[in-house]
Amino acid sequence: MRQKLVIGNWKMNGNRASNTALLSGIVAGLNDFGADCAVCVPAPYLAQCQAELAGTPVRWGAQDVSIHAGGAYTGEVSAAMLQDFGSTYVLCGHSERRAYHHESNELVAQKTAVALAAGLTPVVCVGESLEQREAGQTEQVICAQLQAVLEAIAPQQIADLVLAYEPVWAIGTGKTATPQIAQDAHRLLRACLAQRHAEAAAGVKILYGGSMKPENAKELMAQPDIDGGLIGGAALKSSDFLGIIQAV
Ligand code: PGA
């Protein structure tokens, strides 16, 4: 049985005061929860997470990582730096990075490999655009995104991945994938994993992301291959984030 996992993706939001309010609200409300939970925050706030979340059940992590170990790479943040601040997770290949920073499948795969080598858990994001879905290319697109990652890591490392299926048309739009659409994509991704390592594939958590809210979380999480959520907008209010965790 895969333990459910709910991760908040804060994107480029927050400040020290609002973060403290949000984190303390989450910690205070996490009495009787049935899921693991984490927040992926802007890099400058990792130290704040370490200070305010250490000793609580809430894990933390980053939204991106450099493929380089160190040196003359202005603006980049290395996996060792994320480790230094106690990070557990790092998002790799979020659709906003693929779109706005032109991250290719190969670069995302490299980032995933670097994160794994540093002992971080990469949350590899895949998902099709509306045009791709309407052109019937969903399977091809998400399998190619995953395949690039699988080629960059060893089969036994599959067990250390978390995947997130985030249809681009559902992110921040209020348009959630139906539970059936999401389940079909998740089943397909698990089948792709299983071709490389059947046993590991059965244990990998595949999160759904894209306008998940307390009202739709229960039905989505009830699907057999949906193991949690990657939450954007609803992760910025502790009551909404807790509502999703409680829906598990
Ligand atoms: P959303 O974002 O929940 O606001 O749709 C999800 C994400 O981008 O990870």
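Two residues are in contact when they have heavy atoms within 4.5 Å of each other. The exercises below use a predicted model.

**Exercise 1. What share of the contacts with a separation of 6 or more joins residues 24 or more positions apart?**

Solution. Take the contacts in the protein with a separation of 6 or more. Then pick out those between residues 24 or more positions apart. They account for 71%.

**Exercise 2. Which residues touch the most other members of the largest nonpolar core?**

Solution. This core has 66 residues. Val39 and Tyr208 touch the most other members. Among the elements, helix 7 gives the most to this core, with 6 residues. A further core of 12 residues lies apart from it; Ile7, Ala38, Tyr89 and Leu230 are among its members. Now look around Val39. Leaving out residues up to four places away in sequence, Val39 touches Gly8, Trp10, Leu23, Ile26, Cys49, Leu53, Arg59, Trp60 and Gly61.

**Exercise 3. Is Gln145 buried or exposed?**

Solution. First find the residue: Gln145 sits in helix 7, residues 138-152. Next, take its relative accessibility, which is 8%. Buried means under 20%. Gln145 therefore counts as buried. Last, list its contacts, leaving aside neighbours within four places in sequence: Arg98, Asn105, Val126 and Gly127.

**Exercise 4. His102 has a positive phi; where is its place, and is it buried or exposed?**

Solution. His102 is not a glycine, yet its phi is about 55°. The residue lies in the loop between helix 4 (95-100) and helix 5 (105-117).

**Exercise 5. Ser211 has a positive phi; where is its place, and is it buried or exposed?**

Solution. Ser211 has a phi of about 55° although it is not a glycine. Its loop runs between strand 7 (205-209) and helix 10 (214-221). At 15% relative accessibility, Ser211 counts as buried.

How values were computed:
Residues are numbered from 1 along each chain as its sequence is written. This is a predicted model: local features need pLDDT of at least 70, side-chain atom pairs count only at pLDDT 80 or more; totals for chains, interfaces and linings use all residues. Side-chain values use heavy atoms; hydrogens and water are left out. Helices (H or I, at least four residues) and strands (E, at least two) are DSSP runs, numbered from the N terminus. Buried means under 20% relative accessible area, exposed over 50%, partly exposed in between (1.4 Å probe, protein chains only). A nonpolar core is a set of buried Ala, Val, Leu, Ile, Met, Phe, Trp, Tyr and Cys residues joined through side-chain atoms within 4.5 Å.
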